[in-house]
Amino acid sequence: MKKFAYLLFGILIIALMSACAPAMNTKLSEFPMMYQEQPLSILILPPMNESTAADAKEYYSTTIQEPLAFYGYYTFPYPVTADILKMEGIYDTELLVNLPLAKFKEYFGADAVLFTTIKKWDLSYMILASTLTVSIDCQLKSTTSDQTLWEYTGTVVVDLSGGNTGGGVGGLIAKAIVTAISTAMADYVPYARQANYRALSSLPYGKYHAQHNKDQQVQFIDQTPEETKTDAEPLTK
Amino acid sequence: MKRRLLLLVVFLTSVFSAGCAPQQSYYFGNYSQTLYASEKYQNEEAYVKHQQELERVIYESEVRNLPIPPGICAELGYINLKGNNSKEAIRLFQLEAQLYPESKHLMERLIQSANAKESTDSNVSNSSTSNDSVSK
């Protein structure tokens, strides 16, 4: 029993360490434009929702500002910019995808705009573990060069049962109860925020972060699926 | 023994996950929650709660000696602008521009519209006593 516990412990440590630093890609090699253009301010555009969840748009848009700020960027207040865009007649971000972005520099003074497509926003209720699965496609585009500065395509799975790892059968039952309670409360805002944090993990830090311009060699997990990778390559280089 | 091991696992997990998370330098309070509620329910109660939360974030940031997070003053200013409280709106827009020079361009634009609104507002309040907030 003791031996088994040690083995489990060892596996856990390895799993955790590899989650933090699997030598895959450095931020500089993947997103050189970020370091060249040094965008300071980001305008978040209303997300394009392709998922089946009607309120995914609200969940996403109300929880993206905070992580971006923590990454050191100036983010324009989303409710304000969304309102201004509406007054200008822009309801759908879809219409902006292939248009020049200089207008955003002119009107808002934004260095970059964030396009997001929510591909999937699924809550799965299971007895022992409920999860939130978010698949998104993000592109940070420059308002001066119209180039894609940073992008993320991937899936984030957030465990909604609170992250308690141990406890035998009694623990499992307790966990099932906790899961039932937390899904019943339906406050997924913190989880949505967590999903956004994870999606941003390859984003180079901005001006207001201590690691600004010091993270070129930081490595991250490349989540871009193999088949789309070749398509995405020319955009980043 | 088993218990102690478990404790160690929990401790190490928290250490590793803390190592991955970006550094905390802002206080956002329940900003996302109240913003979500006001987007979802779009009623007066949710709007008021969100406005109070914005005020609280500013207050708590000052108490904790942290910079006010980006966008907060601008958003509160915008709410004041819509509620016909142009003076306070202008003060907040100026504060945002001072804290974050990146916002200056948009803030100047908003200050302009606040000034324009104030001059029409004062005309209105001269002729009548209406100073209540106009619905959006």
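## A helix enclosed by two chains

What covers the buried residues of helix α9 of chain A includes α4 (56–63), α5 (65–70), β6 and β7 of chain A, together with α2 (31–41) of chain B. Contact here means that the C-beta atoms of two residues, placed from the backbone, lie within 7 Å, while helices (H or I, at least four residues) and strands (E, at least two) are DSSP runs numbered from the N terminus. Because 9 of the 11 residues of α9(A) (residues 189–199) are buried, this helix is largely enclosed by the rest of the structure. A residue is buried if 20 or more other C-beta atoms lie within 10 Å of its own, exposed if 12 or fewer, and partly exposed in between, with C-beta atoms placed from the backbone. The buried residues of α9(A) include V189(A), Y191(A), R193(A), N196(A) and R198(A).

## Basis of the model

This is a predicted model, in which local features need pLDDT of at least 70 and side-chain atom pairs count only at pLDDT 80 or more, whereas totals for chains, interfaces and linings use all residues. Residues are numbered from 1 along each chain as its sequence is written, and chains are lettered from A and ligands numbered from 1 in the order in which they are written. The predictor gives the complex an ipTM of 0.74 and a pTM of 0.75.

## Strands of chain A

Strand β6 of chain A (residues 131–142) takes part in two pairings, where pairing requires that DSSP finds at least two bridges between the strands. With β5(A) (residues 112–124) it runs antiparallel and is joined by 12 bridges, and within this pair I118(A) has I136(A) as its bridge partner. With β7(A) (residues 148–159) the pairing is again antiparallel, over 11 bridges, and T131(A) stands opposite D159(A).

The hairpin of β6(A) and β7(A) has 5 residues between its strands, and D146(A) there takes a positive phi near 60°. In the loop between β5 and β6 of chain A lies S130(A), which is buried, with 20 other C-beta atoms within 10 Å.

## Where the chains meet

The axes of α4(A) and α2(B) come within 9 Å and cross at roughly 145°; such axes are lines fitted to C-alpha atoms, for helices over the stretch in contact, and the angles run from 0 to 180 degrees between N-to-C directions. The contact is made by E58(A), Y59(A), T62(A) and T63(A) on one side and by S32(B), L35(B), Y36(B), E39(B) and K40(B) on the other. By class, the contact has 3 nonpolar, 3 polar and 3 charged residues, where Ala, Val, Leu, Ile, Met, Phe, Trp, Tyr, Cys and Pro count as nonpolar, Asp, Glu, Lys and Arg as charged, and the others, Gly among them, as polar.

## Chain B and its confidence

Chain B has 6 helices and 0 strands, and buried residues make up 31% of its 136 residues. In helix α5(B) (residues 86–99) sits I90(B), which counts as buried with 21 C-beta neighbours inside 10 Å. Leaving aside neighbours within four places in sequence, I90(B) is in contact with I111(B) and A114(B).

The mean pLDDT of chain B (pLDDT being the predictor's confidence in each residue, from 0 to 100) is 82, and 71% of its residues reach 70 or more. Over residues 17–22 of chain B, however, pLDDT stays under 50, and the model has 5 contacts beyond four places in sequence for them. Residues 127–136 of chain B also stay under 50, with 8 such contacts.
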